[in-house]
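Subject: Two-chain model, handover and findings

Hello,

I am passing on the structure we spoke about. Please look it over before you read my notes below.

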Amino acid sequence: MNPTTDSLKTTPAEPVELWELRLYVAGQTPKSLAAFANLKRLCEEHLQERYVLEVIDLLKTPQLAEDDQILAVPTLVRKLPVPIRKIIGDLSNTERVLVGLDLRPRASGGNDGN
Amino acid sequence: MNETDQRTHPALPKSPTGIEGLDQLTGGGLPQGRPTLLCGSAGCGKTLIAMEFLVRGATQFGEPGVFMAFEERTEELALNFISLGHDLNVLVAQKKLSLDFVRVERSEIEEAGEYDLEGLFIRLGHSIDRIGAKRVVLDTIETLFSGLTNTAILRAELRRLFRWLKDKGVTAIITGERGETSLTRYGLEEYVADCVIMLDHRVSENMSTRRLRIVKYRGSSHGTSEYPFLIDEGGISLLPITSLGLKHVASSERVSSGLPGLDAMMGGPGYYRGSSVLVSGTAGSGKTSLSAHFAAAAAARGERCLWFAFEESASQITRNMRSIGLDLEQAIQQGCLRFHAERPTSGLEMHLVTIHKQVQAFQPRIVIIDPITNFTALGSDAEVTAMLTRLIDFFKQQQITALFTSLTSGGRAEENTEAGVSSLMDVWLLLRDIESGAERNRVLHLLKSRGMAHSNQVREFLLTGHGVELRDVYLGPSGALLTGSARVGLEAQEEAQSLVREQESSGRSRALERKRAAVEAQIAAIRAEFGVEEAELKRGIAQGDARAAMLAGDRVEMGRQRQDDAPAPAATEKLN
């Protein structure tokens, strides 16, 4: 899986691919505000002009929590391209976000860390 | 347990699970509005008990419930529970139940920074509010530990979750996987302090038994032992041991044992309805025949009898009973008798289930279990006793008269072998072989019979071509029991003696007659003689009187002639 996504990233000759991102939050908490800011910055940096970002406040639409399998907030979901990816947290760890979005190859150590 | 029933702890309201045995154990159910931890190893029935709690809550107690599954998809759950008799989809459609599968897959989740589990709270809160749930199950929330790496956050959030559940006022079951050293792998017991129930699944001698134990129940008394439970099409059956409450109504109605002789030993009418009867004896002592009489008597009264045969097939029993003149075939055709014959190979629990199910289906008034000895191969003495206790309780609650046969091995003291079981029984009949005079003969003792005056006499137990007969036993000259041909010999001897005695006494009475006749003849002769004498004496007396009168007359005459003055007028007056 990694080689293909890697090639996707490294060959800009591919037709423009739309990234559909959703950020689930629960109200205007410091964490959700931080997550939004971090995400906005990342997208501008790596996905200029080829992403759609939707912010969903679960306090307003709680039924979506079940539909989209949301557990933690904030959660960033990459709906497209498939496969679906989920990144939880305030997205302050840029490295992990990029790995999670397959914008950067995974380290050999896997997804441990902290 | 009774205290809670009588509401001496009004401070602790309880949520009934609807699982009968469990409610008995907990004195009414789980702590209402609080979380309960249900822990146990894989496959021991956590999910099932939890779901049963919700389904029964929704259907029996009008309390809708939310099931949050972390391990199984909702479709899988629905499918699993259909095979156990619950259609979850119907309940979901009726808004009595809400199923939510929470997918936690570590490979799909990347953690990048601070987060909390508000999403889970919102989800759960939404489900609860949508159907007005009073009950919640989280199965198994520990899955979060495998999906999320930041345990510090996780623990803080779990603590918050349980507090939140309490604030919501829902009665919750949180399941947890059994840990190596602690109750749960991730120490959930730390957060759920009100009630902890442990499930266990053990295999001993190739037989698996599930058990339930209440580790802790804050603010309530509870049964502390391990209680076996079963899972079958009807859901969970947990049958706690009776000591928690012996409440069944004792009937004073009596049912015949099928043997007039035995009924007579119990003072006439027979066993009390709903009592448990143990018939123990060595091989071939007639236990099954005794049972067959009981069954036949029930059929004759038009009552249903269910016979669990663990050693013989139904046709073998009916054939054998025909040889002693009992036609069970007819009872079977009438629908009054049903056999359930199988080898006891499965575990004790399965037997309990089988018996329960068969009894529920056939609704008999009499149950025969022949023999219970075969259970002992399936478990330890204690387990068998526990199982029988539950069985007997079940029968008593249903007012079913139960007859258990038990094989005692020769050489052991019969009274000892059943020590564990006999105390549960109301009536205990012991069949014994007595060997004397190159014969083995059967005798029956009525060792115990609760609540009735009963004979202390041993009876000889005869299997004849027209059924079982009970005979008084004979005591020989030395005081020894005489049975079989010795008894027959003695009977013959006594008969001969009595004939002689009869002859003797009739001879004597004839002699007496003769004597009486003789005496009466003598009396008649004497009386005749006396009559003669009397007549003579009377004649003599009469003559004497006449002479005296004559003399007096002469004297007056003489006086008149002598011209007597003085006495003459008086004498004259007197005479006139």
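Predicted model: local features only at pLDDT ≥ 70, side-chain atom pairs only at ≥ 80, totals over all residues.

Residues are numbered from 1 along each chain as its sequence is written, chains are lettered from A and ligands numbered from 1 in the order in which they are written, and side-chain values use heavy atoms, with hydrogens and water left out.

The chains

Chain A has 4 helices and 4 strands, where helices (H or I, at least four residues) and strands (E, at least two) are DSSP runs numbered from the N terminus. Along the sequence of chain A the order is α-β-α-β-α-β-β-α. Of its 114 residues, 43% count as buried; buried means under 20% relative accessible area, exposed over 50%, and partly exposed in between (1.4 Å probe, protein chains only). If contact is taken as heavy atoms within 4.5 Å, then 63% of the contacts in chain A between residues at least 6 apart in sequence join residues at least 24 apart. Chain A exposes about 6000 Å², with carbon and sulfur atoms supplying 57% of it. Accessible areas come from the Shrake-Rupley method with a 1.4 Å probe, and for residues only the protein chains shown count as cover.

Chain B has 18 helices and 25 strands. Of the 576 residues of chain B, 49% count as buried. Among its contacts between residues at least 6 apart in sequence, 68% join residues at least 24 apart.

The interface

Contacts link 30 residues of chain A with 28 residues of chain B. The area buried between the two chains is about 2400 Å², of which carbon and sulfur atoms give 54%; buried area is the accessible area (1.4 Å probe) that two parts lose on being put together, summed over both.

The rule finds 2 salt bridges across this interface, a salt bridge being a side-chain nitrogen of Lys or Arg within 4 Å of a carboxyl oxygen of Asp or Glu. E110(B) forms a salt bridge with R96(A), with the closest N and O atoms 2.9 Å apart.

On the side of chain A that touches chain B, α3 (63–67), β4 (85–88) and α4 (94–100) each supply at least two residues. The residues of that side divide into 15 nonpolar, 8 polar and 7 charged. Here Ala, Val, Leu, Ile, Met, Phe, Trp, Tyr, Cys and Pro count as nonpolar, Asp, Glu, Lys and Arg as charged, and the others, Gly among them, as polar.

Single residues

T75(A) is in strand β3 of chain A and is buried at 2% relative accessibility. Its side chain reaches the backbone oxygen of A72(A) at 2.3 Å. Leaving out residues up to four places away in sequence, the residues that T75(A) touches include R22(A), Y24(A) and I87(A).

V82(A) lies in the loop between β3 (75–80) and β4 of chain A and is exposed at 63% relative accessibility.

R459(B) is in strand β22 (residues 459–464) of chain B and is buried, with a relative accessible area of 15%.

Salt bridges

The whole structure holds 30 salt bridges over all chains. D102(A) pairs with R78(A), the closest N and O atoms being 3.5 Å apart. D102(A) lies in the segment after α4 and R78(A) in strand β3, so the pair ties together parts of chain A that are 24 residues apart in sequence. Both D102(A) and R78(A) are buried.

K60(A) and D57(A) meet in a salt bridge at 4.0 Å, N to O; K60(A) is exposed at 67%, whereas D57(A) is buried at 14%. In chain B, E534(B) forms a salt bridge with K538(B) at 3.8 Å between the closest N and O atoms. Both lie in helix α17 (residues 484–562), 4 residues apart, about one turn of the helix. R22(A), E54(A), D68(A) and K79(A) are linked in a network of salt bridges.

Regards

Key:
Polar contact = N/O pair within 3.5 Å; in protein donor to acceptor, adjacent residues only side chain to side chain.
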